[in-house]
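Please keep the sequence and the structure at hand while reading.

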Amino acid sequence: MEKTINESEQGTALEVRGREANPRKLYIESYGCQMNFSDSEIVASILGQEGFNTTQRLEEADLILVNTCSIREKAEQTVRKRLVHFNALKKNNPGVKVGVLGCMAERLKSQFLEEEKIVDMVVGPDAYKDLPNLIREVDGGQNAVNVILSKEETYGDVSPVRLGTNGVTAFVSITRGCDNMCTFCVVPFTRGRERSRDPQSILGEIGDLWEQGYREVTLLGQNVDSYLWYGGGLKKDFDKASPMQQATAVNFAGLLEMAATAHPRMRFRFSTSNPQDMTLDVIETMARFDNICNYIHLPVQSGSDRILKAMNRLHTRAEYFELIDNIRRLIPDCGISQDMIAGFPTETEEDHQQTLSLMDYVKYDFGFMFAYSERPGTLAARKLADDVPEEVKKRRLREIIGKQQEHSLERNRQHIGRVEEVLIEGPSRKSDAQWMGRNTQNTVVVFPKEHYRVGEFVNVRIEDCTSATLLGTATGYSKK
């Protein structure tokens, strides 16, 4: 509950059935947000056309790629250790090549390639289509690098290979980049400016997933509420578009409606939202369609207006409450989750108490909470001293986590006695005799297997709960 990242997935080598004719093996590990895991699927698809099949066996790899994250210091440290380990493998297998992808690429390219000499190739998140050329350079004995950020690339024309999938739920990227310059965040510098993907290519990918048996799609972006398609180009250039382009543009509410209408039996979620960009029409669209899940991940980061301003979050505490009130009014049973940072520079005890009081007002279903970690290159690192003592950060984080656990248990208890639709994703981690799935609020539900199968929608009577899980018994198939 206290982690924004599922640590059990971090660094998992991803594998999918490839082409028998492909002579080379690709070993790829992913770290960080779901966007990175989604990007790894794009990379596997591109390299699948270039003679590579994925493998989970490191010893048989011809190419090792690490898709990296710069959001947290711990993630960077983990990646660096892995790169050093992979580089050491070359002593036994001089032919193997090592590359780093993603968010660490641009910032640390010189260090990785020239100073530490631990990789052969550095590739930024907008340069994956250049991988075939870069690999040819590496095969020829040269180091290779492409970290150029694009104003157009969305990979909308690449059909991702689904890696490590349960065959039921999938992620579909709808935007890339971010224009919100939050002072703690490196994303605008590592992923570039905001641009949206053609809605027809999104609908086409969703249709392909349905035909493959997938039953739930999460529309993915750094900030999905900023989705705006007007024929291509950066969102910031929308005011320069022609009157016809502006009149026929598709915003996020429009995309949600298009997806829900085109695939009425597919269940839809989205992540991540930004309070300053989420509009009332998105909430109204969610309320109109049964197949759009009643769940919103709505990062707030702090409950203090002073800290929000220092973070360059372009919403206030009062505006956030107004948004929460509108969600509760239009979708009374909506699940809401948060991101929270404890110990941001200059945070006082009063600021911290305002965060706790905000949590009491909202009562989130669950949350992702961290102590502040200064990230090189961010505005906060350049302009704000990291002045909150580490022990104070940790204590405040413990208090935030404790309050969230109380609220999670309170919210979960409200489900007891209800019959709720659950999409079966796979076996429970604790018992092979039980299925695990999620309800519309994105809460994990565990129940006896009986005759039900993965990928089926079933109604489950909720009988008990913990702060993280609902427990129940299936009563039959849902209307889906």
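A residue is called buried when its relative accessible area is under 20%, exposed when that area is over 50%, and partly exposed in between, with a 1.4 Å probe and protein chains only.

## Basis of the model

The model is predicted, and local features need pLDDT of at least 70, side-chain atom pairs count only at pLDDT 80 or more, while totals for chains, interfaces and linings use all residues. Residues are numbered from 1 along each chain as its sequence is written, and side-chain values use heavy atoms, with hydrogens and water left out.

## Cysteines

A search of the whole structure for disulfides, defined as pairs of cysteine sulfur atoms within 2.5 Å, finds zero. For Cys185, the nearest cysteine sulfur belongs to Cys182 and is 6.2 Å away; Cys185 is buried, with a relative accessible area of 17%. Cys293 is likewise in no disulfide, and the nearest cysteine sulfur, that of Cys334, is 9.8 Å away. With a relative accessible area of 1%, Cys293 is buried.

## A three-stranded sheet

Strands (E, at least two residues) and helices (H or I, at least four) are DSSP runs numbered from the N terminus, and two strands pair if DSSP finds at least two bridges between them. On this basis, three strands form an open sheet in the order β7-β10-β13, with parallel pairing. Its edge strands, each pairing on one side only, are β7 (169-173) and β13 (267-271).

Strand β10 (residues 216-220) runs parallel to β13 and is joined to β13 by five bridges. Within this pairing, Val217 has Phe268 of β13 as its bridge partner.

## The largest nonpolar core

A nonpolar core is a set of buried Ala, Val, Leu, Ile, Met, Phe, Trp, Tyr and Cys residues joined through side-chain atoms within 4.5 Å. The largest one has 52 residues, and those with the most contacts inside it include Ile206, Leu219, Phe252 and Phe270. Helix α8 (residues 252-262) supplies the largest share of this core, six residues.

Contact means heavy atoms within 4.5 Å.

## A buried asparagine

Asn67 is found in strand β3 (residues 63-68) and is buried, with a relative accessible area of 0%. Leaving aside neighbours within four places in sequence, Asn67 is in contact with residues including Glu29, Tyr31, Asp39, Leu101 and Tyr128.
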